[in-house]
Amino acid sequence: MDNKEIFYRHLAPTSPHPVGLEVGHAAGSIITTTDGRQYFDLIAGIGVANVGHRHPQVVAAIKEQLERHAHVMVYGEYIQQPVSALAARLTALLPATLDCVYLVNSGTEANEAAIKLAKRVTCRYKVVAFRGGYHGNTQGSLSVSGNEIKKQAFRPLIPGAVFLPFNEVASLDAIDSNTAAVIMEPIQGDAGVVIPDQAFLEAVRQRCTDSGALLIFDEVQTGIGRTGRLFAFEHYGVAPDILTLAKGLGGGLPIGAFVSSYQHMQQLAHNPMLGHITTFGGNPLCSAAATAVLDIVTTPGFLDEVEKKGALLEKLLQHRQVKAIRRKGLMLAIELESEEKVDKAISLALERGVIIYWFLSTRHCFRISPPLTITQHEIEAAADILQEVFDLL
Ligand code: PLP
């Protein structure tokens, strides 16, 4: 059996129609398949390769750490230099109230743990979330995600989830003295890049403060420079009580994090002790990679370029087939007339060497989230191909 046959026979599928590219190698914004075809990667593994595939600084950091040690113990027991270095680096980049980091392995795990922390700190049960939100696929995160069709087959999910419309201040009264947490993406990704009103985010923050609910910002997708700031909440000057991260943080290695105050985080060590545990969280290789990512993204000028590149892409993708473009930095939703046109655009683009991709729930739009390191030339070349694709729709 070759790799392709094994993939279709022995790897459990997530859909009947996987993209099925056979990857040879990847560097920067380009993925090369085993047959030597090159693709502009405008998706970056769904917002993961923010610093590009195999960024030399990330590769060097992983190699250097591998010479010392890989996994030696479960999270939270041994003192490991790359893990401490990451915690110091990350908290220095955040508001003073977000000064304590717990490292996990993925976005959904960060959200699960954030919800547990909020329940433990507030001794309440209700979790307010927003329609259109996506927080992951394990049972807790799924319970607070919006897509009803995706949840239906797996009920009952965790009790206490309440959904409100995004961007509607009037409905925020539902955040009350029973509410442990409000979980939200500050900019909704899977809903098709829905940008919040400043007044809405401020009202959510105020309502949480007044009711004693903890505000969780899920920046799994919007974090690590994706929107042109290190964290999307910086655009709005509204800080959460708990921040969750993953995707771009590891520069291609799996790592997640939830960040809160020192006082809140102490609760996870008492009543019960070991209130949240993980074997691989804080993996030293992933931590070394993540510190390198933060070094790259915070290089002076790097984040200014993100907004400029996003604006260029937006300009070059205007076409009569494109009904709307919603965007913050290099996080884009391109709206077409129908699901069918989206499917056709994605396959025509792939045939021509450009990777674009669906949203899970917002089927009449496709997503673009390239490496933030994509060059102007690559943007222009990929946009030319997409113009050709739009002409054929
Ligand atoms: N939260 C958001 C906003 C996401 O976009 C995602 C993944 O797409 C997740 C959570 C889940 O992350 P993971 O797939 O690493 O569990």
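# Exercises on a predicted model

Pro156 sits in the loop that runs between helix H7 (148–152) and E6; helices (H or I, at least four residues) and strands (E, at least two) are DSSP runs, numbered from the N terminus. This is a predicted model, in which local features need pLDDT of at least 70, side-chain atom pairs count only at pLDDT 80 or more, and totals for chains, interfaces and linings use all residues. Residues are numbered from 1 along each chain as its sequence is written, and side-chain values use heavy atoms, with hydrogens and water left out.

**Exercise 1.** Describe the open sheet of seven strands and find its edges.

Solution. Step one: the strand order is E4-E10-E9-E8-E7-E5-E6, and the pairing is mixed; two strands pair if DSSP finds at least two bridges between them. Step two: E4 (100–104) and E6 (161–164) each have a single partner strand, so they are the edges, and one side of each has no neighbour in the sheet. Step three: from one strand to the next the twist averages 20 degrees, where axes are lines fitted to C-alpha atoms, for helices over the stretch in contact, and angles run from 0 to 180 degrees between N-to-C directions. Step four: E8 (residues 214–218) and E9 (residues 242–245) are parallel partners over three bridges, and Asp218 has Thr244 in E9 as its bridge partner.

**Exercise 2.** Determine how helix H3 (residues 56–68) is placed against helix H10 (residues 284–297).

Solution. Step one: the two axes come within 8 Å and cross at roughly 150 degrees. Step two: H3 and H10 are therefore roughly antiparallel, as angles under 35 degrees count as roughly parallel, over 145 as roughly antiparallel, 65 to 115 as roughly perpendicular and the rest as oblique. Step three: contact means heavy atoms within 4.5 Å, and the H3 residues that meet H10 include Val58, Ala61 and Ile62. Among the H10 residues that meet H3 are Leu285, Ala288 and Ala292.
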